[in-house]
Amino acid sequence: MQQVDSIDIDVLVPYLEQHVPGFAGPAAAEKFPGGQSNPTFKINAASGQYVLRRQPPGKLLKSAHAVDREYRVLNALKDSAVPVAKVFHLCEDTEIIGSMFYLMEYLPGRVFWDSALPEIADNAARARIHFQVVEVLATLHSVNPADVGLEDYGRPGNYYQRQIERWVTQYRASEMGTIDVMEELIVWLSAHVPADDGSLSIAHGDFRLDNLMFHPDREEIIAVLDWELSTLGHPLADLAYHCMQLRMPSEGLAMKGLAGIDTAALGIPSEKELVTRYCEIRGIGPIANWEFYLAFSFFRLAAIAQGVAKRASQGNASSKQAQTAGAFVQPLAASGMQIIQDGA
């Protein structure tokens with residue numbers, strides 16, 4: 001079993017001193033909780049605090065754990081209106097600490113793990129936080145990829161067809177038994193891909209509340225985190241993926257949802273209000289095929305959970321919660337099919 005919870009700091013420090021201007025040791029590394037895909041560490045050095053994200057060691061699925069793509073998109077967006085952390089260096093030499101990694105700035109702020117925002121006492125503040133999420137998402141989708149050097153960051157056209165094929169392939173590579181409702185969902189999605197409408201944007205791929213860093217004192221996003229799954233894609237995939245969080249259970253998953261919670265009593269905007277705000281900013285009309293986009297989001301998250309479970313079985317997952325991820329595949333797929341049956 002390879003180590004995912006620690007870094008050989010004695011090897012890392014001299015490397016960073018050589019490749020990152022201003023970096024100076026001594027230093028210590030502390031692993032952040034979460035980060036089930038790419039292990040993430042806080043580096044406390046004599047020259048300051050930094051964040052290091054690395055691929056997990058061991059054999060990896062093709063195209064997974066793409067920290068090099070994360071580095072590229074963060075660097076491309078540094079002068080845009082999208083809030084991102086500054087990146088300093090990408091190391092593609094897997095011999096240094098055992099896997100590819102990059103170093104970026106450490107930003108003190110808040111990450112909310114529960115969509116109900118129990119740590120926020122004011123309903124108006126909760127509303128501002130949730131609206132801020134879709135406002136930043138609309139800002140991201142308004143960036144012209146060519147303007148930031150990302151015109152070749154993904155293939156244009158047939159986005160959902162390619163995504164379904166990709167995630168089915170990933171799922172097949174990590175499945176540990178047949179899950180009937182997952183098979184049913186795959187068949188339905190494959191048969192109901194909407195016609196390509198030509199929409200293309202920088203798609204984050206995992207846009208949800210706990211991948212956003214908020215200002216310590218204001219309802220303001222200061223950094224969008226975890227760009228591993230980013231590509232050029234259809235913008236509504238990100239919007240539906242975020243809205244999926246509103247429909248997920250409030251207990252049991254690392255990403256706590258709002259199903260069964262009286263959101264109005266908490267001042268939390270409805271899915272319709274959030275979608276309307278997003279559409280207003282982007283200047284687009286009502287969304288057709290919403291049930292497809294939502295169901296696809298549940299399918300993809302189920303496939304991701306299966307991959308996490310598979311890595312846990314092999315000893316390469318970066319979070320201890322990963323060992324229970326496999327139990328969520330069936331209920332996530334079932335939620336996707338329920339949306340289809342209910343018509344969103």
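Which residues does A85 touch, not counting residues up to four places away in sequence? A85 touches L74, M104, E105, L107 and A223, where contact means heavy atoms within 4.5 Å. The place of A85 is in the loop between α2 and β4. A85 counts as buried because its relative accessibility is 5%; buried means under 20% relative accessible area, exposed over 50%, and partly exposed in between, with a 1.4 Å probe and protein chains only. From P194, A85 is 109 residues away in sequence and 35 Å away in space, C-alpha to C-alpha.

The structure is a predicted model, in which local features need pLDDT of at least 70 and side-chain atom pairs count only at pLDDT 80 or more, while totals for chains, interfaces and linings use all residues. Residues are numbered from 1 along each chain as its sequence is written, and side-chain values use heavy atoms, with hydrogens and water left out. Helices (H or I, at least four residues) and strands (E, at least two) are DSSP runs, numbered from the N terminus.

## Helix α2 and its surroundings

Helix α2 spans residues 67–76, and its buried residues are V67, E70, Y71, V73, L74 and A76. These buried residues pack against the strands β3 (48–54), β4 (87–91), β5 (101–105), β6 (201–203) and β8. E70 also belongs to a network of salt bridges that links it with R53 and D226.

## Salt bridges

Side chains of opposite charge can pair when their charged atoms come close. A salt bridge is here a side-chain nitrogen of Lys or Arg within 4 Å of a carboxyl oxygen of Asp or Glu. By this rule the count comes to 12 salt bridges. Three of the pairs are listed below.

| Pair | Distance between the closest N and O atoms |
|---|---|
| R128 and E219 | 2.9 Å |
| R277 and E135 | 3.2 Å |
| E280 and R277 | 3.6 Å |

R128 forms a salt bridge with E219. This pair links distant parts of the chain, with R128 in helix α3 (residues 123–141) and E219 in the loop between β7 (212–214) and β8 (221–224), 91 residues apart. R128 counts as partly exposed because its relative accessibility is 42%, and E219 counts as partly exposed because its value is 23%.

R277 forms a salt bridge with E135. Distant parts of the chain are linked here too: R277 is in helix α7 (residues 271–282) and E135 is in helix α3, 142 residues apart. With 30% relative accessibility, R277 counts as partly exposed, and E135, at 22%, counts as partly exposed.

R277 also forms a salt bridge with E280. Because E280 and R277 are three residues apart in helix α7, about one helical turn separates them. An α-helix has 3.6 residues a turn, so residues three or four places apart point the same way. E280 counts as exposed, at 53% relative accessibility.

## The loop between β7 and β8

E220 is found in the loop between β7 and β8. E220 is partly exposed, with a relative accessible area of 31%. Leaving aside neighbours within four places in sequence, E220 is in contact with Q132, M213, F214 and H215. E220 and V136 are 84 residues apart in sequence, and their C-alpha atoms are 9.5 Å apart in space.

## Helix packing around α5

Helix α4 (residues 159–174) and helix α5 (residues 180–191) pack at an angle of about 160°, their axes being 10 Å apart. Axes are lines fitted to C-alpha atoms, for helices over the stretch in contact, and angles run from 0 to 180 degrees between N-to-C directions. Angles under 35 degrees count as roughly parallel, over 145 as roughly antiparallel, 65 to 115 as roughly perpendicular and the rest as oblique. α4 and α5 are therefore roughly antiparallel to each other. In this contact, Q161, I164, V168, Y171 and R172 of α4 meet M182, E183, I186, L189 and S190 of α5. The contact residues divide into six nonpolar, two polar and two charged; Ala, Val, Leu, Ile, Met, Phe, Trp, Tyr, Cys and Pro count as nonpolar, Asp, Glu, Lys and Arg as charged, and the others, Gly among them, as polar.

The axes of α5 and helix α8 (residues 290–314) come within 10 Å and cross at roughly 135°. α5 and α8 are therefore oblique to each other. Here M182, L185, I186, W188 and L189 in α5 meet E291, F292, A295, F296, F299, A302 and A303 in α8. The residues of this contact divide into 11 nonpolar, no polar and one charged.
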